[in-house]
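Please open the model in your viewer and keep the sequence panel beside it. The tour below moves from one selection to the next and says what is to be found at each stop.

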Amino acid sequence: MPGPSNTLLIEGTFEELADELSHYLDDVRKKDGDTNSAIQTEIAQLLEQNQKDEVLKKLVTGSAALNSAPEK
């Protein structure tokens, strides 16, 4: 008998998901005291130029803030 699966399905376009994650990262960073966090703004500009690789770089760089975020 197989064990439980830890599969999580996420629906949405790349743009929607990137925007949602960047918004969450900004919120986490602002709660940590970084009032100048503007990842969402930077990502929105990159998405308009269809620079998905740069968007991913920004998200990965900003994801360090997740270490201080509470688990959901």
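Read along the sequence, the pattern is α-α-α. This is a predicted model, in which local features need pLDDT of at least 70 and side-chain atom pairs count only at pLDDT 80 or more, while totals for chains, interfaces and linings use all residues. Residues are numbered from 1 along each chain as its sequence is written, and side-chain values use heavy atoms, with hydrogens and water left out.

If you colour the chain by accessibility, 21% of its 72 residues count as buried; here buried means under 20% relative accessible area, exposed over 50%, and partly exposed in between, with a 1.4 Å probe and protein chains only. Among the contacts in the chain with a separation of 6 or more, residues 24 or more positions apart account for 52%, a contact being heavy atoms within 4.5 Å.

**First stop: S22**

Select S22, which is found in helix α1 (residues 14-31). Is S22 buried or exposed? With a relative accessible area of 0%, S22 is buried. Now show what surrounds this residue: leaving aside its neighbours within four places in sequence, S22 is in contact with I39, Q40, I43 and L59.

**Second stop: α1 against α3**

Next, select helix α1 together with helix α3 (residues 52-62). The two helices, α1 and α3, pack at an angle of about 25 degrees with their axes 10 Å apart, where axes are lines fitted to C-alpha atoms, for helices over the stretch in contact, and angles run from 0 to 180 degrees between N-to-C directions. α1 and α3 are therefore roughly parallel to each other, since angles under 35 degrees count as roughly parallel, over 145 as roughly antiparallel, 65 to 115 as roughly perpendicular and the rest as oblique. The crossing of α1 and α3 is left-handed, a term that applies if the near helix is turned anticlockwise from the far one by less than a right angle, whereas clockwise makes it right-handed.

To see the contact itself, show side chains for F14, E15, A18, L21, S22 and L25 in α1, which meet K52, V55, L56, L59 and G62 in α3. The residues of this contact of α1 with α3 divide into 7 nonpolar, 2 polar and 2 charged; Ala, Val, Leu, Ile, Met, Phe, Trp, Tyr, Cys and Pro count as nonpolar, Asp, Glu, Lys and Arg as charged, and the others, Gly among them, as polar.

α2 passes α3 in a left-handed crossing. The contact is made by I39, E42, I43, L46 and L47 of α2 and by E54, V55, K58, L59 and G62 of α3, and its residues divide into 6 nonpolar, 1 polar and 3 charged.

How many salt bridges does a search of the whole structure find? The search finds 3, a salt bridge being a side-chain nitrogen of Lys or Arg within 4 Å of a carboxyl oxygen of Asp or Glu.

- Select E15 and K52, whose side chains meet in a salt bridge at 4.0 Å, N to O. E15 lies in helix α1 and K52 in helix α3, so the pair ties together parts that are 37 residues apart in sequence. E15 counts as partly exposed at 32% relative accessibility, and K52 is partly exposed at 35%.
- Select K58 and E42, which form a salt bridge with the closest N and O atoms 3.0 Å apart. K58 is partly exposed, with a relative accessible area of 34%, and E42 counts as partly exposed at 32%.
- Select E54 and K57, which form a salt bridge with the closest N and O atoms 3.3 Å apart. Being 3 residues apart in helix α3, E54 and K57 are separated by about one helical turn.

**Last stop: L56**

Finish at L56 in helix α3, which is partly exposed with a relative accessible area of 41%.

Terms used: Helices (H or I, at least four residues) and strands (E, at least two) are DSSP runs, numbered from the N terminus.
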